[in-house]
Amino acid sequence: RIMAGKVKWVTDIEKSVLINNFEKRGWIQVAENEDWNFYWMSVQTIRSVFSVETGYRLSDDQIVNHFPNHYELTRKDLMVKNIKRYRKELEKEGSPLAEKDENGKYIYLDFVPVTFMLPADYNLFVEEFRKNPSSTWIMKPCGKAQGKGIFLINKLSQIKKWSRDSKTSSFVTQSSKEAYVISLYINNPLLIGGKKFDLRLYVLVSTYRPLRCYMYKLGFCRFCTVKYTPSTSELDNMFVHLTNVAIQKHGDDYNHIHGGKWTVSNLRLYLESTRGKEVTNKLFDEIHWIIVQSLKAVAPVMNNDKHCFECYGYDIIIDDKLKPWLIEVNASPSLTSSTANDRILKYNLINDTLNIAVPNGEIPDCKWNKSPPKEVLGNYEVLYDEEMAQSDGPDRDLRSRSGQSSGVKGNRARDSGKPVLTTWK
């Protein structure tokens, strides 16, 4: 939600009037110096900025922190649709990345739970449900966040009741606001202290073509306040199943000091001590793989406006076999702090993001090549650089996926004998 632009104030009164006007439009000033000002912008404001009707055009010294059609990745239904299309395209090309096992499952690209769109895919969902009638499914409205409107089902009758409650007598075409996704529930999550958790990871994309993205090293785990049980009697207890802080903070057992959060580094230490370092490294490699592939899936359809960058909030769940699953991607991950550690983390996140978006605190320039020097990355590290990856050969992704290449921090000698930074995969 950041906009950077050069603004010349004439008088204090004019400055006050302009700021008030910006705030009414959903902009909040977060930083300024003599030459430029930063404003937080909501996704709704971005939509109006890029709307054909408004006729608004950004100048070279203005940048915004969302891509115009970011929803191709951040709407639950569109994310799944784009990943499915990406798989099919790779299959058509005969890419080894799209290889399947004897059961028809993707070996490398099986990282989103089985998902259908309702009402459009209702018949397909019923067919899948009847293959395993004891399974549990989770329903989510496509355009909402913070756990709003989510519920679990394990009977088809519950879907019909939902349909009636939604004031529709049958599954007829509804507006996109009323559309839902229904996904196979991960009912064997990795538990720590008997509680379910997920990972919130921050990923910054500076450009989609060529794709260049950065992983923030200071992500965190979000824990439920109530111990997990797969019992059908607890399907309605969201304190057992949903990790969203917006939900958990209302629980009786919510801890306001640590906020039910663990740092990613603590998770690593825990897993290394209980499962081993090699297994832990493999898990995080797979998480990085998921993130890069999801970005590649939407890159062809993303409007790669030169004025844009974006910091996404990735939600990843790990099952008890240490397999990571992509749950969703957030366009406006919460920057509200619920604890002291949270405040420090998110302050640093904003600071490091701005340093990459506008290196050296100079006047923004949308024409620069968006490849900042290493010293300004802060807690970010290069996750994927398409230009660099292409120079390593077309099969690099597969070699990296199967563990034949070094990780983010590794260096790899090429034929010339010079060390080349391996940007992971």
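Me: Contact means heavy atoms within 4.5 Å. Of the contacts in the protein chain with a separation of 6 or more, what share comes from residues 24 or more positions apart?
Reply: This is a predicted model: local features need pLDDT of at least 70, side-chain atom pairs count only at pLDDT 80 or more, and totals for chains, interfaces and linings use all residues. Residues are numbered from 1 along each chain as its sequence is written, and side-chain values use heavy atoms, leaving out hydrogens and water. For residues 24 or more positions apart, the share of these contacts is 67%.

Me: How many helices and strands does the protein chain have?
Reply: Both are DSSP runs, numbered from the N terminus: helices are H or I with at least four residues, strands are E with at least two. The secondary structure comes to 13 helices and 18 strands.

Me: What part of the protein chain is buried?
Reply: Buried means under 20% relative accessible area, exposed over 50%, and partly exposed in between, with a 1.4 Å probe and protein chains only. Of the 425 residues, the buried part is 52%.

Me: How much space lies in the largest cavity?
Reply: On a 1 Å grid over the protein atoms alone, a cavity is a set of points where a 1.4 Å probe fits but cannot get out. Points are joined across faces, edges and corners, and the volume is the space filled by probe spheres set on them. There are three cavities of 30 Å³ or more. The largest holds about 380 Å³.

Me: Which residues are closest to the centre of the largest cavity?
Reply: Lining residues have an atom within 4 Å of a point. They divide into 16 nonpolar, seven polar and nine charged; Ala, Val, Leu, Ile, Met, Phe, Trp, Tyr, Cys and Pro count as nonpolar, Asp, Glu, Lys and Arg as charged, and the others, Gly among them, as polar. Of the 32 lining residues, the closest to the centre are I138, K140, I317, I327 and E328.

Me: Which residues of helix α5 (residues 122-131) are exposed on the face turned away from its buried side?
Reply: The buried residues of α5 are Y122, F125, V126 and F129. Down the axis they fall within an arc of 100 degrees, so they line one face; the arc is that of the directions from the helix axis to the C-beta atoms. The face turned away carries N123, E127 and K131.

Me: Which residue does a cis peptide bond join to L118?
Reply: Most peptide bonds are trans. Here omega is about 10 degrees.

Me: Is L322 buried or exposed?
Reply: L322 lies in the loop between β14 and β15. It has a positive phi of about 60 degrees, although it is not a glycine. Its relative accessibility is 8%, so L322 counts as buried.

Me: What separates the C-alpha atoms of N304 and H70?
Reply: N304 is found in the loop between α10 (277-298) and β14. Beyond its neighbours within four places in sequence, N304 is in contact with F67, T207, Y208 and R209. N304 and H70 are 234 residues apart along the chain, yet their C-alpha atoms are separated by 9.8 Å.

Methods
On a 1 Å grid over the protein atoms alone, a cavity is a set of points where a 1.4 Å probe fits but cannot get out, and a pocket is an open set with protein on both sides within 12 Å along at least five of seven lines; lining residues have an atom within 4 Å of a point.
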